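This briefing concerns side-chain contacts in a single model. Please consult the sequence and the structure shown here alongside the text.

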Amino acid sequence: MEAYVGLGSNIEPRIRFLIRAVHGLANQESIQVNAVSPVFSSEALTLGEEEQPDFLNAVIRVQTTLNPVSLLDACLRIERDLGRERALEAWAPRTIDLDLLLYENEVINSKSLTVPHPRMSDRLFVLLPLSEVWPCDRKLPGFTSTLRELIDDCEDASRPLKTIITLEKYE
C-alpha cells in the first residue's frame, strides 16, 4: 500500500531528527521509502506571543504492508524513540512530528485515526512538500480539488516557505 507521511521538527538538531525519522521508517521490514521531498522551512505556529524556532518540514512516500493504524503506530514509536514529548499544548516545540497524511485512496474517520490528515489542506508547509512527491494535477482522496488547487486556495499562502535542503541521500 502507498502512504504519505509528513515530517516536522523545530528542536535542534532539526535536520538530524528528520533524517533519523526517515531512517527509522526505512529500516522497518514492512516499510519501503520511495521518495523524499525537499525540506521546507516555515514559521512555527504558536499560541499568543510565545516564540519558537522555525520548523523544518518534508513529506515522504512509502510502500508498506502495514494497515493504516499499524503505520501510525510505527510513526508514534519513532517519535518516542527520537525524544518526542507530547505536551498538553498542541503547538509545543518538538524534536519530531510524524503525521500520516494519506493512505492509498482511503478516507478513514475513526477514533484513533483520520486520513487524509484533517488539517493538511490548511497548511502550506504540508502541501508544498507533498507536491514534490504527489502529482499536482491529481485529486487527493476525500477532496474535490487537485493538490495544485489546494495549494492555490490555501489560507496559509502568506507564510514564508523555502526549500533549504534536499534529503535525497537519506540512506
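The points below cover salt bridges, then aromatic and charge-over-ring contacts.

This is a predicted model, in which local features need pLDDT of at least 70 and side-chain atom pairs count only at pLDDT 80 or more, while totals for chains, interfaces and linings use all residues. Residues are numbered from 1 along each chain as its sequence is written, and side-chain values rest on heavy atoms, with hydrogens and water left out. The structure holds 6 salt bridges and 1 aromatic pair.

**Salt bridges**

- A salt bridge is defined here as a side-chain nitrogen of Lys or Arg within 4 Å of a carboxyl oxygen of Asp or Glu.
- One of the salt bridges joins R61 to E2, with 3.8 Å between the closest N and O atoms. R61 belongs to strand β4 (residues 55-64) and E2 to strand β1 (residues 2-9), so this pair ties together parts that are 59 residues apart in sequence. Strands (E, at least two residues) and helices (H or I, at least four) are DSSP runs, numbered from the N terminus.
- R61, at 21% relative accessibility, counts as partly exposed, and E2 likewise counts as partly exposed, at 23%. The classes are buried, under 20% relative accessible area; exposed, over 50%; and partly exposed in between, using a 1.4 Å probe and protein chains only.
- R84 and E79 form a salt bridge whose closest N and O atoms are 3.4 Å apart. R84 counts as buried at 12% relative accessibility, as does E79 at 1%.
- R148 and D152 meet in a salt bridge of 3.7 Å, N to O. Both residues lie in helix α4 (residues 147-153), 4 residues apart, which is about one turn of the helix. R148 is partly exposed at 36% relative accessibility, whereas D152 is exposed at 52%.
- Through shared partners, salt bridges join E79, R84, R94 and D97 into one network.

**Aromatic and charge-over-ring contacts**

- Rings of Phe, Tyr and Trp (its six-membered ring) pair if their centres lie within 6.5 Å; planes under 30 degrees apart count as stacked, over 60 as edge-to-face and the rest as tilted.
- The aromatic pair consists of Y4 and W134 in an edge-to-face arrangement, with 5.2 Å centre to centre and 75 degrees between the planes. Y4 lies in strand β1 and W134 in the loop between α3 (124-131) and α4, so that the pair links parts of the chain 130 residues apart.
- Y4 is buried at 3% relative accessibility, and W134 is buried at 2%.
- The charged end of R138 sits over the ring of W134, 3.9 Å from its centre; this contact requires NZ of Lys or CZ of Arg within 6 Å of the ring centre and within 35 degrees of the ring normal.
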